[in-house]
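Hi,

Here's the structure I said I'd pass along.

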Amino acid sequence: MLTIEINAEPEAIAIEIAKTAVVMIDMQRDFLEPGGFGESLGNDVSLLSAAIEPCKALLSAARQHGMLVIHTREGHLPDMSDAHKAKVERGDPGVRIGQMGSMGRILIRGEPGQDIIPDLYPQEGEYVIDKPGKGAFYATDLQSILQKNAIENLIVCGVTTEVCVHTTVREANDRGYRCIVPGDCCGSYIPEFHEVGLRMIKAQSGIFGWVTDSHTILTAISA
Ligand code: C5J
């Protein structure tokens with residue numbers, strides 16, 4: 001079993017490659033592309049695009065080393081039976097989940113905007129999890145996928161740092177997974193939240209996990 005040591009905060013962590021999965025959270029067109037849902041909410045989507053290249057490099061290394069790769073997409077069934085009223089009925093009534101956006105119905109499964117950006121598109125054999133919530137465990141089969149593949153560690157990337165990445169890391173941490181978060185592979189529309197979100201993960205001896213960057217992980221993998 002190949003074990004690598006990754007420099008991280010609050011401390012370095014040793015992980016077995018075969019027991020580690022890369023989880024790409026919600027790198028979806030509607031969140032990242034100009035003209036999508038994220039931008040229609042008044043966000044500067046370029047703040048998220050900085051994460052694309054580091055994610056691409058990490059994905060490529062993970063694929064090369066046969067690591068388990070899991071992609072998630074936030075979204076709901078076309079009949080919206082899995083969308084809580086409390087989630088749908090917030091924000092500007094003109095820009096809500098299920099309504100028509102510039103890339104199809106907003107956050108509805110199967111619509112172009114709900115899909116993953118071309119740069120990070122899943123390859124055949126990789127898991128793609130459609131999730132109705134912010135966390136990747138809620139109402140999905142992520143836990144059973146991880147158990148089936150004997151996964152103990154997660155490298156969690158994606159957007160947004162303080163929302164879906166954070167919720168997933170917290171859920172995973174409570175389920176006993178070691179979560180390693182490369183900060184440059186994550187992004188937020190609110191830079192301050194990105195910074196604080198990362199600090200929260202590694203604070204108090206790594207209360208939710210470990211924080212590092214893509215270059216450090218790539219160096220450890222190729223060493
Ligand atoms: C949000 C997400 N921010 N993927 N979703 O609504 O973080």
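At what angle do helix α7 and helix α8 pack, and how far apart are their axes? Keep in mind that this is a predicted model. In it, α7 (residues 161-174) and α8 (residues 191-206) pack at about 15 degrees, with 10 Å between their axes. Angles under 35 degrees count as roughly parallel, so that's what α7 and α8 are to each other. Their crossing is right-handed. On the α7 side the contact is made by T161, E162, H166 and R170, and on the α8 side by F193, H194, G197, L198, M200 and I201. By type, the residues of this contact split into 4 nonpolar, 4 polar and 2 charged.

Next, the ligand. The residues around it are D26, F31, E74, K134, V159, T160, V163 and C164. D26 has a polar side-chain atom 2.7 Å from a ligand nitrogen, while a polar side-chain atom of K134 sits 3.1 Å from a ligand oxygen. T160 uses its backbone instead: an N or O atom there lies 2.9 Å from an oxygen of the ligand.

T160 comes up again in the backbone geometry. The peptide bond joining V159 and T160 is cis, with omega about -15 degrees, and T160 is in the loop between β8 (153-159) and α7. Another cis bond runs from E9 to P10, with omega near 10 degrees; P10 belongs to the loop between β1 (3-6) and β2 (13-16).

One last thing to look at: L107 has a positive phi of about 55 degrees, although it isn't a glycine. You'll find L107 in the loop between β6 (104-105) and β7 (127-131).

Cheers

Definitions and conventions. Residues numbered from 1 in each chain as written. Predicted model: local features only at pLDDT ≥ 70, side-chain atom pairs only at ≥ 80, totals over all residues. Heavy atoms only, no water. Axes fitted to C-alpha atoms, helices over the stretch in contact; angles between N-to-C directions. Helix = DSSP H or I, 4+ residues; strand = E, 2+ residues; numbered from the N terminus. Parallel < 35°, antiparallel > 145°, perpendicular 65-115°, else oblique. Left-handed = near helix turned anticlockwise from the far one by under 90°. Contact = heavy atoms within 4.5 Å. Nonpolar A, V, L, I, M, F, W, Y, C, P; charged D, E, K, R; others polar. Near = heavy atom within 4 Å. Polar contact = N/O pair within 3.5 Å; in protein donor to acceptor, adjacent residues only side chain to side chain.
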